[in-house]
Amino acid sequence: MARVTVITSGKGGVGKTTTAAAMATGLALHGHKTVVIDFDVGLRNLDVVMGCERRVVYDLINVVRGEATVRQALIKDKRVEELYVLPASQTRDKEALDMEGIRRTLAELREMGFTQIVCDSPAGIEKGAQAAMFFADEAIVVTNPEVSSVRDSDRIIGMLDAKTQRAQTNQEPVRCHLLVTRYSPKRAAAGEMLKVDDVLELLGINFLGVIPESQTVLAASNTGTPAVLMDNTDVATAYLDVVKRFLGEEQPHRFIEPEKRGFFARLFQSDPFAVGA
């Protein structure tokens, strides 16, 4: 049975689209037939991050409104087998999202054999975000280690508990997972950002891991490459670990404590994009 996962947060710019692309790619690398759907209608960034913006013909709104079939709108990734993208529209606004149309679209994706459906949510609590989370079975709440981001994430967790199909039909609640992005153990130790333990205490949901602060994310976006495919970088390693934990595998947490490195390790740093430990 297909699992619908929303990638969400209350605050913009925390790395939701980067995470949606990385998670979907990682799940496909593990053999799951995966589609990632862009719900950020009017902005449409996912196709750029996935490197398929020139191949967009039809989009989510066309499908939801019956103007195109799911098969017409799906874009198959050229690098990873079993990975597909359903892009958002740049010419419509979020009011064009129809809940019954979204329900039909998800049902058709299930019938097509997709086992992982990843929904890239816009920031905030307006209609686009509510539409992205409504049919979710699981949620990855993405937050930066700063007070305002964590506070907004707490509000999103409240909405996941109260404003989803599972909540309205008295089913088991959406299972929420926490992902802390742009984390620097060195800066956290210096008091320049919240420590992981502080974030966990404030939000109290299942912890998937951290994504280290790194220029890799920008480099990946600029080249249309999901960050998980940026070989020999800490960011790719972190996302691969997160995917494995999401699938139920035990993985030790990395990139949380300042790394103790000798002179030669610092000199020949493996990640060319690393900002710092």
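Trainee: How much space lies in the largest cavity?
Mentor: About 40 Å³. A cavity here is a set of points on a 1 Å grid, over the protein atoms alone, where a 1.4 Å probe fits but cannot get out. Its volume is the space filled by probe spheres set on those points, which are joined across faces, edges and corners. Before we go on, this is a predicted model: local features need pLDDT of at least 70, side-chain atom pairs count only at pLDDT 80 or more, and totals for chains, interfaces and linings use all residues. Residues are numbered from 1 along each chain as its sequence is written, and side-chain values use heavy atoms, with hydrogens and water left out.

Trainee: How many cavities of 30 Å³ or more does a search of the whole structure find?
Mentor: One.

Trainee: And which residues line the largest cavity?
Mentor: Gly-209, Val-210, Ala-238, Asp-241, Arg-245, His-253, Arg-254 and Phe-255, where lining means having an atom within 4 Å of a point. They divide into three nonpolar, two polar and three charged residues.

Trainee: New topic. Is Ser-149 buried or exposed?
Mentor: Buried, because its relative accessibility is 0%; the cut-offs are under 20% for buried and over 50% for exposed, with partly exposed in between (1.4 Å probe, protein chains only). Ser-149 sits in helix α7.

Trainee: What is Ser-149 in contact with, beyond its neighbours within four places in sequence?
Mentor: Lys-11, Val-14, Thr-143 and Asn-144, where contact means heavy atoms within 4.5 Å. The side chains of Ser-149 and Thr-143 are joined by a polar contact of 2.9 Å. That term means a pair of N or O atoms within 3.5 Å; within protein, one must be able to donate a hydrogen and the other to accept it, and residues adjacent in sequence count only if both atoms are side-chain atoms. A polar atom of the Ser-149 side chain also lies 3.0 Å from the backbone nitrogen of Asn-144.

Trainee: Where is Thr-143 placed?
Mentor: In strand β6, residues 138–143. Thr-143 counts as buried because its relative accessible area is 0%. Among the residues it touches are Val-150, Ser-153, Leu-178 and Val-199.

Trainee: How many residues of helix α6 are buried?
Mentor: Six of its eight, so the helix (residues 127–134) is mostly covered. They are Gly-128, Ala-129, Ala-131, Ala-132, Met-133 and Phe-134. These pack against β1 (3–8), α5 (99–111), β5 (116–120), α7 (147–162) and α8 (165–168).

Trainee: What caps the N-terminal end of α6?
Mentor: Glu-126, with a side-chain oxygen 2.9 Å from the backbone nitrogen of Gly-128.

Conventions:
Helices (H or I, at least four residues) and strands (E, at least two) are DSSP runs, numbered from the N terminus. On a 1 Å grid over the protein atoms alone, a cavity is a set of points where a 1.4 Å probe fits but cannot get out, and a pocket is an open set with protein on both sides within 12 Å along at least five of seven lines; lining residues have an atom within 4 Å of a point. Ala, Val, Leu, Ile, Met, Phe, Trp, Tyr, Cys and Pro count as nonpolar, Asp, Glu, Lys and Arg as charged, and the others, Gly among them, as polar.
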